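Welcome! Open your viewer, get ready to select residues, and we will walk through the model stop by stop.

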Amino acid sequence: NSSSNVQVRLQWSDDLTPRQRDASRAVLNTARVKRWITTALAGAGEMTVRIVGATEGRALNREFRGKDYATNVLTFAYTQTPLTMADLVLCAPVVEREAREQRKPLQEHYAHLVVHGTLHAQGYDHEESDVEAHEMEALEVLLMGSLGLPNPY
């Protein structure tokens with residue numbers, strides 16, 4: 001995929017603590033996030049990646065998925081052809097906690113979740129069937145490897 005066919009916007013929510021904002025800004029920049037998205041995207045795309053705190057993350061998950069907690073990544077997919085258009089919402093405190101628990105660098109965990117969310121934006125799903133879940137995980141492992149990053153599972 002050519003990165004010239006991909007537009008990426010990176011946003012930070014006002015509900016982040018200063019520490020969360022600093023930690024996420026230290027590992028995320030538009031060029032890096034665009035590389036992760038471009039690696040996982042089959043064609044052209046326009047993606048906004050928004051880094052949020054627990055309050056916004058929980059509200060969005062509750063409103064759109066009926067689950068009353070903040071989750072690591074939410075994908076809002078709008079179109080898949082001829083252009084993949086989506087918003088990825090990553091909840092900084094959840095991503096940080098998971099990275100600590102999984103003993104992996106924060107940047108690496110963000111990379112995995114951006115790849116994961118980008119696959120969701122293209123119609124991949126892991127909640128409907130085990131077969132699809134295994135297919136999606138295998139693709140994530142392959143894509144992470146192509147970025148020079150280890151198996152996220």
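**Stop one: the main core**

Select L28, V33, I37, I51, L90 and Y110: these have the most contacts inside the largest nonpolar core, which has 35 residues. Such a core is a set of buried Ala, Val, Leu, Ile, Met, Phe, Trp, Tyr and Cys residues joined through side-chain atoms within 4.5 Å; buried means under 20% relative accessible area, exposed over 50%, and partly exposed in between (1.4 Å probe, protein chains only).

Next, colour the elements that give two or more residues to this core: β1 (6–12), α1 (18–27), α2 (30–40), β2 (45–52), β4 (84–91), α4 (92–101), α5 (106–121) and α6 (130–146). α5 gives the most, with 8 residues. Helices (H or I, at least four residues) and strands (E, at least two) are DSSP runs, numbered from the N terminus.

This is a predicted model, where local features need pLDDT of at least 70 and side-chain atom pairs count only at pLDDT 80 or more, while totals for chains, interfaces and linings use all residues. Residues are numbered from 1 along each chain as its sequence is written, and side-chain values use heavy atoms, leaving out hydrogens and water.

**Stop two: around I37**

Zoom in on I37. Setting aside neighbours within four places in sequence, I37 is in contact (heavy atoms within 4.5 Å) with V6, V8, M47, V49, V114 and T118. A second, separate core of 7 residues includes V52, L60, V89 and V94.

**Stop three: two loops**

Now select P82, in the loop between β3 (73–79) and β4. The peptide bond from T81 to P82 is cis, with omega near -5°.

Finish at R103, in the loop between α4 and α5. R103 is not a glycine, yet has a positive phi of about 50°. Is R103 buried or exposed? R103 is exposed, with a relative accessible area of 77%.
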